[in-house]
Every structure is written in structure tokens, then in C-alpha cells.
Amino acid sequence: MSPTPAKPGGTRIPSRRTVLRGAFTAAVVTGTAGALLPLLDHERAAAARPAPAPEAPAPGPGSTTEEFAEMYRGREIRGTATVVVPAGARDDDRVMVAAEPGSEIRIDGRPLHVMRRADGTYLSDVRHYESYPTLLETARAAVDELGAAGLAHPAAHRM
Amino acid sequence: MYTRKNQRDLTRTEKRRLVDAILKLKRSGRYDDFVVMHREYYVMDTERRPRPAHMTSSFFPWHRQYLLEFEKALQRVDAGVSVPYWDWTQDDRPTSSLWAEDFLGGNGRQGDRRVTTGAFAYEAGNWSVGRGVTDEHYLTRNFGRPGRDPVSLPTKNDVARALKDPVYDTEPWNSVCTEGFRNRIEGWGIRGVRTVGLHNRVHQWVGGPMAGAASPEDPVFWLHHSYIDLLWDRWRKAHPKSAYLPGRKPASPGPDRDYVFGLDDAMPPWSVTPRKLLDHGKTYRYA
């Protein structure tokens, strides 16, 4: 496993430099928890023992489904989830994307490795045995779990 | 043939020998290889590649072999040790002898959650963590995760309920199976069905590395999984006619079948099949 790579541009989050640490508290969240349901579930719906049903339709290709930046318990957390399926993609491509979603979380500027379960929920390297429907909840849970510790420097990631 | 005991029944000498063997393995670098291995094979059920360890049918046999390998490594250091089990339905208090100074040390302290007692306290000079998750090198614990979202240890009733399920595992053989012994024990939370349980919940309760991607960094990992392994035995005994699933490939061609390990599929990195691991009676027994 490798750390989730940084996304090249295309997000609506302002550059870190424009954000005064500690000076903002409002979360910027576009979309809803319900909008984060996985493309994969559509693929599996027929054969799979179903996970609880989606509450909202899957977001369209190219859209940012979730975006936030806030101070939480003294830590700066930022995240973005983008659906990067090109218009007209075949179903098979959509499965690929669902498996490697454009999701990124940073805590105090350092990347948190985020993964996804088959029901579309997220989990992280820090809290690895419990998952959450939104990136924001995943980030807050990771801060809770970290306590006083920081994330490892990206270069320290082994896999 | 050797015996895996309940950790509460270990003598003072048995505890010391086990701790010493673990510390020697750590010093040699072998211990950290096990940490890395667990991380490597913890594959998500959204990934399009084989997942032998978690979110999968072979959760039990993969960890059985993983523990056997760890135990073999320990026994090369001291032939007289084995991996005891922690029955967390019984020893569910932070004051359990498991967490005493002479064994695994206790809960993390207030503030930085650092473990300050026992042989695995950073200050003792023999134990450091930090395989790429956090930037600290001292072992931390946070029993029960007090605060916003606390967790309790699973109970005897929780275990009994899981053991009652007569089916080993069900399609799609992943983390969202609502039925089947395997995922009931592995314990993935499923929205609208059940919250995080059993195996996963114990990882959460301990906190620190145990809650994260480098969970074997806390030696309690092995005692926890020894008990999980024992529960597989109990389930097999309770349901002698129930088979490991999935069985032969053509019988169950679900969408996830290519990435999970059926009875006769060799699991990496050891190329051992679940079938070979069903019965361990010639190697070890539980007391």
C-alpha cells in the first residue's frame, strides 16, 4: 500500500498558504454524507448481499463530493473527495475508480492514508478497524485517535 | 506439540520468558518484519487484488499461520514459549494482570497516552514503535477510548451470538457480509445492521498502534489473535458439519471470488491453504 498521492489541482480548497492556521473554524462541506456512496455498490448490488441502501444518488463524474477545512481539537484538518470518472466511462472503469478514489485527508499538513470499504465508507491508517461515511468524520476520528501525536512525515511511510 | 495458555494462568517465570523472547525478536529486527507483513496483506475489499488477511473469508486461517510463524520465531529464541491468549470477556479491566508491570505494562498516561510501565515502555529502552503511521516512537494505549466516542470490550454474550451462526462465511466474502461466523467475529460495522464488534472492537479498545495500520506494534496483538484463533476452534466444535467457505471455485463464482481464498487456495506469503490450517491438533492445543 502507498500513501494516497496528492491531487493535482482541480479542487476548490484554497492553497494552504492563504489559510491562517487557527483563524478559521468553519467547515466547507459540499455534498452530503449520502452523496458519498460508492459506484462499486451499483456493480455489486445484484450479486452481493446488499449493504444498506444508498440515501442519495451517486455524484456525477468530475464532481467534488466532499471538501472541508477546519480546526478540530487544535489540529488543522483538510480533506477532499473527488469523483474522477470521465463522462461516458465504461462500468469497468468506474469500478477501478471506486477502488482508488480521489480522496485525500491532511492533518496539520501531513497526508493521512485513507482507504475505502465495499460499502463506500472510509477508514484510515490511524483508525484502521472502524469506518465512516464521510471524509470529515474519518479525519476527526483520526485526530481523536492520534491524541498528542502527529502523523508520520510522508517520507517515513514504508508502504 | 505445545500448549497455548490463558494469559491469566501464566506463572511469573513464563511471563518473563515470553517478554524476554519478544524483546530479543525486536532487537534482531524480526519483530518489525511481522509488523510490516501485517500491513502489507491488509488489503481493502475495494481493491482489485487478492486479500488474504482482512475483510475476507481467510481472516481465520491467514492469522492462524501468521501466529504460527511468529510463534516459531519466538521459539527459535526460547523453545519453551508459546503465544498465550487474552480472553477479553473475562479479563476486561485495566487492572487485569495482563497489564501489570511484570507482563505487558499498563494503559497510557493522561495527555500523551504513553505507556510508562513494563518492559514495553519506551523509557525502559527496549521498545520503540513508528512504522510509518505516527511520528512518535513510544508505545501508546488509550483503554476504552474515553471521550467523544468511547468503546467497551465485547462481552460473553457477543461471543456466544457469533458462535451460534452455523455458516462460516457468506457472499460476497467481504466486510459487508451481515451473516456468517467470520464477519461476526472480524467485527466490521455495517450501517443499519450492527456497530463495530468483537475482533475489531478489541483493537479499538486498546487504542494506540492497536487501533491502526501497524497494530502488531503492541505485543498484545498476539494475545488477542490467539484468542480469536481459539474462537475458531470453538465454532468448529459447535458446528462439526459446517465447512470452511468458499469451497471449490466453480461452486461460488461471485464477483469477489477471484480475490478471496477458498479451501484449497494457497495464501500468500506462505502458500498454505486454509484446508491445511483447519486442524492444528498436532502442533498446539489450547488450555
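Let's start with a helix on a sheet. Helix α3 of chain A, residues 135-146, lies across β1, β2, β3 and β4 of chain A. The helix runs at about 150 degrees to β2(A). One caution before I go on: this is a predicted model.

Now the sheet under that helix. Four strands of chain A make an open sheet, in the order β1-β2-β3-β4. The pairing is antiparallel. At the edges sit β1, residues 64-72, and β4 of chain A, and each of them pairs on one side only. From one strand to the next, the twist averages 20 degrees.

Let me step back to the whole of chain A. The chain has three helices and six strands. Reading from the N terminus, the elements go α-β-β-α-β-β-β-β-α. How much of the chain is buried? Of its 159 residues, 45% count as buried. Then the contacts. Take those in chain A between residues at least 6 apart in sequence: 62% of them join residues at least 24 apart.

Back to the strands, pair by pair. First, β1 and β2. In chain A, β1 pairs with β2, residues 75-82, in the antiparallel sense, over eight bridges. Here are two positions to look at. A:Glu70 has A:Ile77 as its bridge partner in β2(A). A:Glu67 stands opposite A:Thr80, again in β2(A).

What about the turn of that hairpin? Two residues lie between the strands β1(A) and β2(A). In this hairpin A:Arg73 takes a positive phi, near 50 degrees.

Next pair. β2(A) and β3(A) run antiparallel and are joined by six bridges.

Why does A:Leu112 count as buried? Because 26 other C-beta atoms lie within 10 Å, and the cut-off for buried is 20 or more.

Who are the neighbours of A:Leu112? I leave aside those within four places in sequence. The contacts are then A:Ile105, A:Arg106, A:Ile107, A:Ser124, A:Asp125, A:Val126, A:Ala142 and A:Leu151. Look at A:Leu151 in particular. A:Leu151 is 39 residues from A:Leu112 along the chain, yet their C-alpha atoms are separated by 7.1 Å.

On to the core. The largest nonpolar core has 91 residues. Which residues have the most contacts inside it? They are A:Ile107, A:Ala139 and A:Ala142. The element that gives the most to this core is in chain B: helix α7, residues 220-238, with eight residues.

Beyond its neighbours within four places in sequence, A:Ala139 is in contact with A:Ile77, A:Gly79, A:Ile105 and A:Ile107.

Last topic: backbone geometry in chain B. Cis peptides first. One joins B:Leu245 and B:Pro246, with omega about 0 degrees. Another cis bond runs from B:Pro268 to B:Pro269, with omega near 0 degrees. Where are these prolines? B:Pro246 lies in the loop between α7 and α8 of chain B, where α8 is residues 274-277. B:Pro269 lies in the loop between α7 and α8 of chain B as well.

Then positive phi. B:Met55 is not a glycine, but its phi is positive, about 55 degrees. This residue lies in the loop between α2, residues 30-41, and α3, residues 59-77, of chain B. B:Met55 is buried, because 25 other C-beta atoms lie within 10 Å.

The other case is B:Arg113. Its phi is near 60 degrees, positive in a residue other than glycine. B:Arg113 is found in the loop between α3 and α4 of chain B, with α4 at residues 156-164. Buried or exposed? Buried: B:Arg113 has 22 other C-beta atoms within 10 Å.

That's the tour. Happy to go back to any of these on screen.

Conventions
Residues numbered from 1 in each chain as written. Chains lettered and ligands numbered in written order. Predicted model: local features only at pLDDT ≥ 70, side-chain atom pairs only at ≥ 80, totals over all residues. Buried ≥ 20, exposed ≤ 12 C-beta atoms within 10 Å, placed from the backbone. Contact = placed C-beta atoms within 7 Å. Pairing = 2+ DSSP bridges. Axes fitted to C-alpha atoms, helices over the stretch in contact; angles between N-to-C directions. Core = buried A, V, L, I, M, F, W, Y, C linked by C-beta atoms within 7 Å.
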